[in-house]
Protein chains: 4
Amino acid sequence: MTKNRLEAFSDGVLAIIITIMILEIKVPEDHSFESLKPLIPVFLSYVLSFVYIGIYWNNHHHMLQAVKKVNGSILWHNLFLLFWLSLIPFGTSWIGSQLFASVPMSIYGFILLMCAVSYFSLQNKIIKLEGKDSTLYKAVEKDKKGKISLACYIAAVPLAFVSPWISGLLYIAVALIWIIPDKRIENQINKL
Amino acid sequence: MTKNRLEAFSDGVLAIIITIMILEIKVPEDHSFESLKPLIPVFLSYVLSFVYIGIYWNNHHHMLQAVKKVNGSILWHNLFLLFWLSLIPFGTSWIGSQLFASVPMSIYGFILLMCAVSYFSLQNKIIKLEGKDSTLYKAVEKDKKGKISLACYIAAVPLAFVSPWISGLLYIAVALIWIIPDKRIENQINKL
Amino acid sequence: MTKNRLEAFSDGVLAIIITIMILEIKVPEDHSFESLKPLIPVFLSYVLSFVYIGIYWNNHHHMLQAVKKVNGSILWHNLFLLFWLSLIPFGTSWIGSQLFASVPMSIYGFILLMCAVSYFSLQNKIIKLEGKDSTLYKAVEKDKKGKISLACYIAAVPLAFVSPWISGLLYIAVALIWIIPDKRIENQINKL
Amino acid sequence: MTKNRLEAFSDGVLAIIITIMILEIKVPEDHSFESLKPLIPVFLSYVLSFVYIGIYWNNHHHMLQAVKKVNGSILWHNLFLLFWLSLIPFGTSWIGSQLFASVPMSIYGFILLMCAVSYFSLQNKIIKLEGKDSTLYKAVEKDKKGKISLACYIAAVPLAFVSPWISGLLYIAVALIWIIPDKRIENQINKL
């Protein structure tokens, strides 16, 4: 079984998820600069989610390069990941329209947590099939970035009720450790 | 004629179908947990339909791997399948927003039935072209899962007027026999 | 320059066009059979346009198989075709929601006419590049189906003001001559 | 790392961007020719943005043909370009619905400027990776079209407050220098 269609289908779903979020930024009914102001929170939540989908696409791309075989179980684990990713536009729109209130911020964190859980679940299935000699296993053996991300999501879900800003900062921090290719950050993380 | 574009086009349509359903889960205008409550039926219908599209993508993927030749007739049978699958978002949204009432549940079953009928029709066209020695013919020769699914849909369409819950359970049951790779279920089905 | 991305991009646009039309079939706010009745015209226009996009995808698929070289001019002619095809969802929704009134039916015909014109324009560009020995030139040399289609569209645009039903029948007739692989119809057409 | 998925994902996003813009052309609630009149500005802005996305797809296609290697940095620069391109439907809809008023025209120009900046940024990353002997470097060495475009966008953003029509003419002019393959224009530009 080839992995081409798995990649093509996942790319299609991710491309649509990333693009339909823009439909939530409603065009203002006025033509002043002020009419853009209420859009700022929706725009910020769009930027955050765009970055997250970008990170998932990037990592998914790398993970599948290590894959040689694909079976039914991997197809379903991949669909499970796509399911949770497909809920990101809903979460994005809710946190933006409700000005980052506690409940939406907590639910958004729960969606991100489930995305991460289903991503690791897919990764484990692939490693199980490819074996411990695979390049994927070696690459993610000490996956500290992944573990820190999971811990941040788990913390952010209840902390949103203390202050939604703590959760927001945690979501931004997780995004940053994945996109900034800073050797010092990498080293700091590896020292932990 | 190559099958690459047939796969790419079908993947594109399936990816869009699976993703536009999320647009039907309208973001609440409030930020309380209670505001999520009315979304539960829409969410449940989304989960069910996501699983169904996943099953079709999965099976379509397997079916086309057995295909070597593609002709105009197969292209049209494939489009006929995509047509019925494209109605799933409509059915999904209707059963969710009308709290699984009888008429929507019956129509949803009819859409699923037509998806299955057009799937088998495509399968037969492929077998006719590939011959009875093809791996596809051998794989689906005793296609009991397929026959049980058809029977469930045919039963669910009128039974929705007795009780929509019976239909709902039948739709869930069909989904489960396709996604659970349980040897005992397979054996039970093969004993029938 | 390879034609792979041209195909992939066109497949993507066609898959999205075919699927976003379903968003125009608004889910009824009631759960009775009667609530489906006002959807019948929108549904019929969806079926017609689905078939048209299917025909274009099918023909585009065949045309590009004859193509070996791709240049900037072909890319732009292809985009010109995609532009007119992208207006089909608008026309579809308008004829359905306005119960096939004269003006929408005429505009719908104009969109179909421009799709056909841009399709032939793309075809001519490809033949010019590939040469008169190409398989594409031989295949479309006596393209009677194409000429009849053009004539029908040109007739249907003004005839919609005599009676929109004449235009409607012409659109259905054109669709049928492309999808029915009936040798007798082919022979009748070839005798003209 | 292969560039296939980078192309496939970008094609998917561009295909969706180009197609969702059509959803902004709302179907009139009447069936007269007059009911089409208020759609004219939205339609014109659709045409302009369709051409721009077409130009970007075309140039992106050419640029990636020169690419042999892909790394994480290129993936992120590509996502940065897709982010700004994803804002084009918003800008398009706003200038169309607000009859090309100053603020929307200026913001639209800013989006186009950021698209161009991120495109050149991606191009520079690729040249850095491929080296100065690469065909891409040679092709864009004296990229006068690109520099003129940038200058036009930078001028159009403030000039929209003098007159939005100046900005509009600048956007049209930039589009024309990219799509008209006129040797004389090319020569005139090269003489500068």
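Visitor: Where in chain D is the place of Ile25(D)?

Guide: In this predicted model, Ile25(D) sits in the loop between helix H1 (4–20) and helix H2 (40–65) of chain D.

Visitor: Is Ile25(D) buried or exposed?

Guide: The idea is to look at relative accessible area, where under 20% means buried and over 50% means exposed. Ile25(D) has a relative accessible area of 7%, so it is buried.

Visitor: Which residues is Ile25(D) in contact with, leaving aside its neighbours within four places in sequence?

Guide: From its own chain, the contacts of Ile25(D) are Leu39(D), Val42(D), Phe43(D) and Tyr46(D), and from chain C there is Phe90(C).

Visitor: How far from Ile25(D) is the C-alpha atom of Gly54(D)?

Guide: Two kinds of separation can be read here. Along the chain, Ile25(D) and Gly54(D) are 29 residues apart, and their C-alpha atoms are separated by 19 Å.

Visitor: Now chain B. Where is Glu7(B) found, and is Glu7(B) buried or exposed?

Guide: Glu7(B) belongs to helix H1 of chain B, which covers residues 4–20. The cut-off for buried is again under 20%. The relative accessibility of Glu7(B) is 13%, so this residue counts as buried.

Visitor: What is Glu7(B) in contact with, leaving aside its neighbours within four places in sequence?

Guide: Glu7(B) has contacts with Leu64(B) in its own chain and with Arg5(A) in chain A.

Visitor: How many helices and strands does the secondary structure of chain A come to?

Guide: Chain A has nine helices and zero strands. Its radius of gyration is 18 Å, close to the 16 Å given by the globule rule for 192 residues, so chain A is as compact as a globular protein of that length. Along the principal axes, its C-alpha atoms fill a box of roughly 60 × 40 × 30 Å.

Visitor: What share of the residues in chain A is buried?

Guide: Of the 192 residues in chain A, 59% are buried. The accessible surface of the chain is about 8300 Å², and carbon and sulfur atoms account for 67% of that.

Visitor: How many positive and negative side chains does chain A have?

Guide: There are 17 positive and 12 negative side chains in chain A, with the centres of the two sets 12 Å apart.

Visitor: What area is buried between chain A and chain D?

Guide: About 2900 Å² is buried between chain A and chain D, and carbon and sulfur atoms give 76% of it. On the chain A side, Val27(A), His31(A) and Trp57(A) lose the most area to chain D, together 21% of what that side buries. The contact takes 37 residues from chain A and 28 residues from chain D.

Key
Residues numbered from 1 in each chain as written. Chains lettered and ligands numbered in written order. Predicted model: local features only at pLDDT ≥ 70, side-chain atom pairs only at ≥ 80, totals over all residues. Heavy atoms only, no water. Helix = DSSP H or I, 4+ residues; strand = E, 2+ residues; numbered from the N terminus. Rg over C-alpha atoms; globule rule 2.2 N^0.38 Å. Buried < 20%, exposed > 50% of the residue type's maximum accessible area, 1.4 Å probe, protein only. Areas by Shrake-Rupley, 256 points an atom, 1.4 Å probe, with all protein chains shown as cover. Lys, Arg positive; Asp, Glu negative; His and termini not counted. Charge placed at Lys NZ, Arg CZ, Asp CG, Glu CD. Contact = heavy atoms within 4.5 Å. Buried area = accessible area lost by both parts, 1.4 Å probe.
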